[in-house]
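Me: Hi! Could you walk me through this one? I'd like to start with a helix and then look at the core.

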Amino acid sequence: MRIHYCWAISVACTTAIFVCIGLVTNGFSMYLPYLVDNGLSDSDTSIIVNVRGGISLVAMLLIHKYYDMVSARLGVFIACLCTATAYLLYGLANGSLAVYVIGSALAGVSYGLGSMIIISEILRKWFAKDFNLSIGMAVAGTGIATVIMPIIVEMMVESHGLMTSFIYEAVVILILSVIVYALLRDSPEEKGLKPYGVNEGYEPEEKVVFRGKTDLPRPLWMRFGFICFVMGCIGGPGLVFLSMLFETTGSSPETAAISISIIGLLMTINKIAIGRMMDKLGTYHGIILFGSILTIGLLLTVLLGHGDFVRYAIILLLGIGFAMMMVCPAAFAKDIALPGQYFDTVRGLEIAYVLGSFLFALLPGTLETLVGSYVISYIIMAALLIVSLILVTDYYRHHPKQGRAHQ
């Protein structure tokens with residue numbers, strides 16, 4: 001039996017997300033302590049991270065114009081090259097904040113233009129069947145970075161030094177970028193194929209025109225924009241501040257690092273699992289199940305420091321629950337987008353997600369300074385998530401056909 005080329009597309013998209021999101025965010029964060037040891041201040045590293053976040057938002061706002069000018073294949077390849085160039089600049093910076101900031105700006109461009117906005121659009125064209133599974137596999141690329149990069153970065157820096165490690169990584173990213181370009185195709189028609197599942201009766205995606213806006217009613221935009229904003233509040237800062245959460249509640253740095261690696265591994269596996277579940281049972285059931293698990297895990301953080309069993313339970317619940325975050329915008333867009341407007345719909349929801357991550361990141365450190373605890377931030381996340389799940393339930397209760405699996 002011949003394997004459909006859509007699975008090569010899936011590999012290319014997972015690799016692109018690993019490069020444009022995984023290595024830009026989680027992968028780079030592993031270098032921050034070494035940058036401080038190399039002469040930068042904590043405020044300098046904050047500037048580097050904030051520049052990346054700001055530029056990524058601008059790139060997302062302009063992404064429809066970008067992909068009006070270039071094909072998805074070329075556009076994603078260029079985005080990957082921006083990450084490679086960013087790491088090359090990091091390797092040549094030699095302690096210069098200005099060079100790090102330029103590199104961070106390029107990384108932000110990569111994140112914005114190579115994000116799930118265009119990747120989900122490519123996958124929507126290729127997968128009439130198992131679309132959510134393909135999305136889960138793609139976003140697993142970020143989890144892979146969380147699992148493997150701490151070990152790789154430590155080994156490289158200890159063996160070859162900080163600057164050389166950056167340059168080595170730039171070379172590897174360049175190779176991965178070429179692989180993405182070699183495998184990726186904008187649509188099945190370029191290979192003389194039909195979308196996966198069409199022969200089984202699944203409906204292909206309609207022809208897309210990038211407009212930069214949609215015709216969805218404002219209340220619907222506000223509802224799902226808020227939901228995805230909350231997912232960003234949790235999916236970004238919730239992961240970034242885990243090490244501080246564990247260490248300030250009694251865990252050693254080594255125990256915290258192991259805990260986070262396990263959470264990353266569980267996330268990677270369960271991103272694929274939730275995609276599969278959404279394809280089989282529908283968006284609503286996947287979001288409610290994984291969202292409920294995550295809510296329990298977030299609420300249990302108040303008990304951290306009361307024994308290993310509690311920590312193990314939280315690791316398990318967060319590792320499963322966090323998997324839903326990045327899957328949500330693409331899954332919701334598939335349900336609510338009007339014909340031909342999927343790209344612009346997912347663009348809006350992804351921007352809401354990144355904006356939530358960008359803004360909420362200011363809160364945990366501030367609250368720790370004010371009340372002396374990171375736990376309060378995770379309780380706020382749980383409260384926001386409960387509100388979001390209520391909004392999700394209310395919508396799909398009134399639109400049950402949209403919450404079902406597409407057969």
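**Inside a helix**

Reply: Happy to! In α11, the buried residues are L220, F224, G225, I227, C228, V230, M231, G232, C233, I234 and G235. Buried means under 20% relative accessible area, exposed over 50%, partly exposed in between (1.4 Å probe, protein chains only). This is a predicted model, where local features need pLDDT of at least 70, side-chain atom pairs count only at pLDDT 80 or more, and totals for chains, interfaces and linings use all residues. Residues are numbered from 1 along each chain as its sequence is written, and side-chain values use heavy atoms, with hydrogens and water left out.

Me: What covers the buried residues of α11?

Reply: The cover includes α12 (237–240), α15 (283–300), α17 (328–336), α18 (342–360) and α20 (375–398). Helices here are DSSP runs (H or I, at least four residues), numbered from the N terminus.

Me: Switching topic: which residues have the most contacts inside the largest nonpolar core?

Reply: V76, Y100, I119, F166 and F332, in a core of 126 residues. Such a core is a set of buried Ala, Val, Leu, Ile, Met, Phe, Trp, Tyr and Cys residues joined through side-chain atoms within 4.5 Å. Helix α1 (residues 6–22) gives the largest share, 11 residues.

Me: And what is I119 in contact with, leaving aside neighbours within four places in sequence?

Reply: C13, A16, I17, V76, G114 and A138 (contact means heavy atoms within 4.5 Å).

Me: How many residues of α8 are buried?

Reply: In helix α8 (residues 116–126), 10 of 11; I119 and W126 are among them.

Me: Last one: is V58 buried or partly exposed?

Reply: V58, in helix α4 (residues 42–61), counts as partly exposed because its relative accessibility is 44%.

Notes: Helix = DSSP H or I, 4+ residues; strand = E, 2+ residues; numbered from the N terminus.
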